[in-house]
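The entries below go from the overall layout to single residues.

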Amino acid sequence: MLPMTIIRIGLPSLLAVSLASCSGLPLPFGGGSNDDTNGEGFSLAVPEEEDTGENIWDLFGDQDNPNVTLEVNKYIWNASLEILDFLPIETLDPFSGVIVTGWGSPPGSSESYQANVYVQDPALDSRALRLVLRTRTGLADPDTVRQIEDAIFTRARQLRIRDKDL
């Protein structure tokens with residue numbers, strides 16, 4: 001019974017002390033600090049190395065700044081929603097520019113479609129939009145995809161002109 005108690009208490013304590021000494025954090029019992037003085041007014045501090053910001057915890061963190069979002073062209077975003085309004089929306093993320101729809105049929109057609117729209121750039125040009133259109137049998141015809149993209153860009157330009165009064 002005693003060896004299990006030692007393992008349960010001693011092992012986590014040893015692990016905590018080891019990690020604290022590797023990361024430059026002060027040890028829980030007060031030792032290992034680089035700013036100790038001997039009571040006579042001069043420092044016993046060891047010169048610290050330049051902090052590069054890299055340690056073991058960087059492996060578990062998000063490397064990107066969480067306050068930075070992708071820029072999405074609002075005209076292409078709104079035009080995509082208007083043009084594909086016959087499809088039920090499953091997922092919308094205006095911060096990353098993703099629209100995922102469910103299956104639906106355009107008015108006057110018996111063909112079902114499902115679309116994924118990616119608005120990837122703040123510019124109002126073709127590189128900003130990526131449309132993946134599926135039918136029940138596979139990917140939609142490239143001409144159909146091109147027609148929908150053209151309709152989205154035409155509507156986006158109309159929205160921009162309306163906002164700018166050009």
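**Layout.** I counted the secondary structure of the chain first: three helices and five strands. Helices (H or I, at least four residues) and strands (E, at least two) are taken as DSSP runs, numbered from the N terminus. Read from the N terminus, the order of elements is α-α-β-β-β-β-β-α.

**Ground rules.** I noted that this is a predicted model, where local features need pLDDT of at least 70, side-chain atom pairs count only at pLDDT 80 or more, and totals for chains, interfaces and linings use all residues. Residues are numbered from 1 along each chain as its sequence is written, and side-chain values use heavy atoms, with hydrogens and water left out.

**Whole-chain values.** The chain has 166 residues, and 23% of them are buried. Buried means under 20% relative accessible area, exposed means over 50%, and partly exposed lies in between (1.4 Å probe, protein chains only). I looked up the accessible surface too: the chain exposes about 12,100 Å², with 55% of that from carbon and sulfur atoms. These areas come from the Shrake-Rupley method with a 1.4 Å probe, and for residues only the protein chains shown count as cover. Of the contacts (heavy atoms within 4.5 Å) with a separation of 6 or more, 37% join residues 24 or more positions apart.

**Helix pair.** At what angle do α2 and α3 pack? I found about 125° between helix α2 (residues 74–83) and helix α3 (residues 142–164), with the axes 8 Å apart. That makes α2 oblique to α3. Axes here are lines fitted to C-alpha atoms, for helices over the stretch in contact, and angles run from 0 to 180 degrees between N-to-C directions. Under 35 degrees counts as roughly parallel, over 145 as roughly antiparallel, 65 to 115 as roughly perpendicular, and the rest as oblique. The crossing of α2 past α3 is right-handed, meaning that the near helix is turned clockwise from the far one by less than a right angle. On the α2 side the contact includes Tyr75, Ile76, Ala79 and Ile83, and on the α3 side Ile148, Ile152, Ala156 and Leu159 are among the residues involved. By class I logged 10 nonpolar, two polar and six charged residues in this contact. Nonpolar covers Ala, Val, Leu, Ile, Met, Phe, Trp, Tyr, Cys and Pro; charged covers Asp, Glu, Lys and Arg; the others, Gly among them, are polar.

**Ser80.** This residue sits in helix α2. Is Ser80 buried or exposed? Ser80 counts as buried because its relative accessibility is 1%. Beyond its neighbours within four places in sequence, Ser80 contacts Ile99, Val117, Leu129 and Ile152.

**Leu133.** I placed Leu133 in strand β4, where a relative accessible area of 3% makes Leu133 buried. Leaving out residues up to four places away, the residues that Leu133 touches include Tyr113, Ala115, Leu139, Val145 and Ile148. The C-alpha atoms of Leu133 and Val145 are 6.5 Å apart, at 12 residues along the chain.

**Ser126 and Asp150.** Ser126 belongs to the loop between β3 (113–119) and β4 (129–135), and at 59% relative accessible area Ser126 is exposed. Asp150 lies in helix α3 and is partly exposed at 45%. From Ser126 to Phe153, 27 residues apart along the chain, I noted a C-alpha separation of 8.1 Å.
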